[in-house]
Amino acid sequence: MTRIRTENLGGATAWILHRPHPSVQGLIRQLGVIGLEAREAWPELPAEAIGADFIFYDADMGHDEQFPWAPGQSPMPMIALIGSEAPGRLRWAMEMGAHAQLLKPMSDKGVYAALLVARSNFDRAKASEALIADLQNRLSARQTIVRAVMMFVMKGKTEAEAYDILRQTAMAWRVTIETAAERLVANHSNERGTDDGRRIDLA
């Protein structure tokens with residue numbers, strides 16, 4: 001379970017990607033009260049914004065090209081500034097990876113909560129991505145082990161014998177079983193692809 005970080009936000013940097021507007025100045029003042037350094041940008045984020053702790057962005061007039069990363073791939077929490085509830089605008093705001101939102105006209109209400117919610121949702125999303133990547137890697141490794149074992153089975157070994165050969169090979173090479181299986185499968189594929197038809201000796 002991901003813990004929600006609620007410590008002081010002082011010293012963090014927030015970029016506000018929004019056309020000049022009086023309400024933006026109110027947001028900047030409130031961010032200053034909380035302890036954040038706020039910077040403005042329009043019509044697109046500068047390269048240095050990639051190091052920001054938070055991004056506030058205009059969901060009403062924004063578009064993909066304003067960001068130096070792909071939709072949904074922001075390296076920091078994103079907070080959508082929403083005025084229009086048109087389905088297309090809301091869909092775009094979500095596709096960009098909104099981790100929280102503030103409704104327009106903006107005031108000093110809800111800014112701190114939006115920051116905490118955005119950071120919590122961002123942390124949860126990153127944790128989920130890491131878990132999914134780990135599970136995918138494990139599944140791929142298991143599939144490779146099965147392929148390596150079957151290579152020996154096709155040479156007449158039992159599954160138990162094939163796995164034991166794979167284990168002994170890993171020990172001899174001083175690598176994990178997964179790495180040994182990957183090497184064996186790769187070598188076998190390379191041998192099968194040679195012009196003279198030679199195949200790796202798995203006996």
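## Terms and model confidence

Two residues are said to be in contact when heavy atoms of theirs lie within 4.5 Å. The structure discussed here is a predicted model. The average pLDDT of the protein is 87, and 91% of the residues reach a score of at least 70. Residues 194–203 keep a pLDDT under 50, and the model gives this stretch 12 contacts beyond four places in sequence.

The protein contains an open sheet of 5 strands, arranged in the order 2-1-3-4-5 with parallel pairing. Strand 2 (37–41) and strand 5 (100–103) each have a single partner strand, so one side of each is left without a neighbour in the sheet. On average, neighbouring strands of this sheet are turned by 20 degrees against each other, direction ignored.

In general, the strands of a sheet pair through backbone hydrogen bonds, in either a parallel or an antiparallel manner. Here, strand 1 (residues 13–17) runs parallel to strand 3 (residues 54–58), and 4 bridges join them. Isoleucine 16 has phenylalanine 56, in strand 3, as its bridge partner.

## The nonpolar cores

The largest nonpolar core has 22 residues, of which Leu27, Leu31, Leu36, Phe56, Ile79 and Leu115 touch the most other members. At least two residues of this core come from each of strand 1, helix 1 (22–34), strand 3, strand 4 (78–82), strand 5 and helix 3 (111–153). A second, separate core consists of 18 residues, including Ile55, Tyr57, Ala59 and Ala93.

Leucine 36 illustrates how a member of the largest core is surrounded. Residues up to four places away in sequence not being counted, leucine 36 touches Leu9, Ala12, Ala14, Leu31, Phe54 and Leu115.

## Two loop residues in contact

Proline 43 is located in the loop between strand 2 and strand 3, whereas glutamine 66 is located in the loop between strand 3 and strand 4. When neighbours within four places in sequence are left aside, proline 43 is in contact with Leu17 and Gln66.

Note on methods: Residues numbered from 1 in each chain as written. Predicted model: local features only at pLDDT ≥ 70, side-chain atom pairs only at ≥ 80, totals over all residues. Heavy atoms only, no water. pLDDT = per-residue confidence, 0-100. Pairing = 2+ DSSP bridges. Axes fitted to C-alpha atoms, helices over the stretch in contact; angles between N-to-C directions. Core = buried A, V, L, I, M, F, W, Y, C linked by side-chain atoms within 4.5 Å. Buried < 20%, exposed > 50% of the residue type's maximum accessible area, 1.4 Å probe, protein only.
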